[in-house]
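The following note sets out numbered remarks on the structure shown below. It takes up confidence, strand pairing and side-chain interactions in turn.

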Amino acid sequence: MPTRFVTIQNKVYQFDYDYKNTDFRREALNRMTKETWGFSFERWYQNGFWPDSCVPYSLFDLQKMVSHVTATIFTFALEGKMLKALQLGTVMTDPDYRGRGLSRWLIDRVLVKSISRFARNTKECLETIRELKSLGVGV
């Protein structure tokens, strides 16, 4: 599990992603999803419907999940061309933690992490990073 500590607006959080097979993290996601949206992903996970292309990104305050976004990369056909796309879903922040830029921070991380999956070569990757920096996304 790729855990690291990050500081956002002078507060330290734990940042974890791609933890679907880690029970206590997945339980935290299911708890927050149930509180926010009224459902859980557990049956979906247990029945094998959670693909590797669907990656959870979350911030924790101690063991409490406080903000989350799920990123899914998929391929689709458009006018005879196969294209990759990024879908963001299950975006949520605990009501006590809203207004602190946590979702923005997570979405920025998802975009940065996804560059390597979309870029066809180093030049394209660097151009995309420069474009994100020009838009104010921390890279």
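**Remarks on the predicted model**

1. Confidence. The chain has an average pLDDT of 88, and 91% of the residues score at least 70. The coordinates come from a predicted model. Among the elements of the chain, E2 has the highest mean pLDDT, at 97, while helix H4 (residues 122-134) has the lowest, at 75. Where pLDDT is low, predicted coordinates should not be read in detail.

2. Helix H4. Just after H4, Gly 136 adopts a positive phi of about 90 degrees.

3. Burial of strand E3. Of the 8 residues of E3, 8 are buried, so this strand is largely enclosed by the rest of the structure. Cys 54, Pro 56, Ser 58 and Phe 60 point one way from E3, whereas Val 55, Tyr 57, Leu 59 and Asp 61 point the other way. The residues on both sides are all buried.

4. Pairing of strand E3. E3 pairs with E2 in the antiparallel sense over 4 bridges, and Phe 15 has Leu 59 in E3 as its bridge partner. E3 also pairs with E4 in the antiparallel sense, over 8 bridges. A hairpin is formed by E3 and E4, with 2 residues between them. In the turn, Leu 62 has a positive phi of about 60 degrees.

5. Salt bridge between Asp 52 and Lys 20. The structure holds 7 salt bridges. In one of them, the side chains of Asp 52 and Lys 20 meet with an N to O distance of 2.8 Å. Asp 52 lies in the loop between helix H2 (42-46) and strand E3 (54-61), and Lys 20 in the loop between strand E2 (11-17) and helix H1 (23-37), so the pair ties together parts that are 32 residues apart in sequence. Are the two partners buried or exposed? Asp 52 counts as exposed, at 64% relative accessibility, whereas Lys 20 counts as buried, at 9%.

6. Salt bridge between Glu 42 and Arg 26. The closest N and O atoms of Glu 42 and Arg 26 are 2.9 Å apart in this salt bridge. Because Glu 42 lies in helix H2 and Arg 26 in helix H1, the pair ties together parts that are 16 residues apart in sequence. Glu 42 is partly exposed, with a relative accessible area of 23%, while Arg 26 counts as buried, at 3% relative accessibility. Asp 23, Arg 26 and Glu 42 are linked in a network of salt bridges.

7. Salt bridge between Lys 64 and Asp 94. In this salt bridge, the closest N and O atoms of Lys 64 and Asp 94 are 3.2 Å apart. The pair links distant parts of the chain, with Lys 64 in strand E4 (residues 64-78) and Asp 94 in the loop between strand E5 (81-93) and helix H3 (102-118), 30 residues apart. Lys 64 counts as partly exposed, at 38% relative accessibility. Asp 94, by contrast, is buried, with a relative accessible area of 9%.

8. Arg 25. Arg 25 lies in helix H1 and counts as buried, at 2% relative accessibility. Which side chain does that of Arg 25 meet in a polar contact? The partner is the side chain of Asp 16, at 2.4 Å.

9. Asn 21. This residue, Asn 21, is located in the loop between E2 and H1 and counts as exposed, at 55% relative accessibility. Leaving aside neighbours within four places in sequence, Asn 21 is in contact with Arg 26 and Tyr 45. The side chains of Asn 21 and Tyr 45 are joined by a polar contact of 2.7 Å. The C-alpha atoms of Asn 21 and Phe 76 are separated by 27 Å, the two residues being 55 residues apart along the chain.

Note on methods: Residues numbered from 1 in each chain as written. Predicted model: local features only at pLDDT ≥ 70, side-chain atom pairs only at ≥ 80, totals over all residues. Heavy atoms only, no water. Salt bridge = Lys/Arg side-chain N within 4 Å of Asp/Glu carboxyl O. Buried < 20%, exposed > 50% of the residue type's maximum accessible area, 1.4 Å probe, protein only. Polar contact = N/O pair within 3.5 Å; in protein donor to acceptor, adjacent residues only side chain to side chain. pLDDT = per-residue confidence, 0-100. Contact = heavy atoms within 4.5 Å. Pairing = 2+ DSSP bridges.
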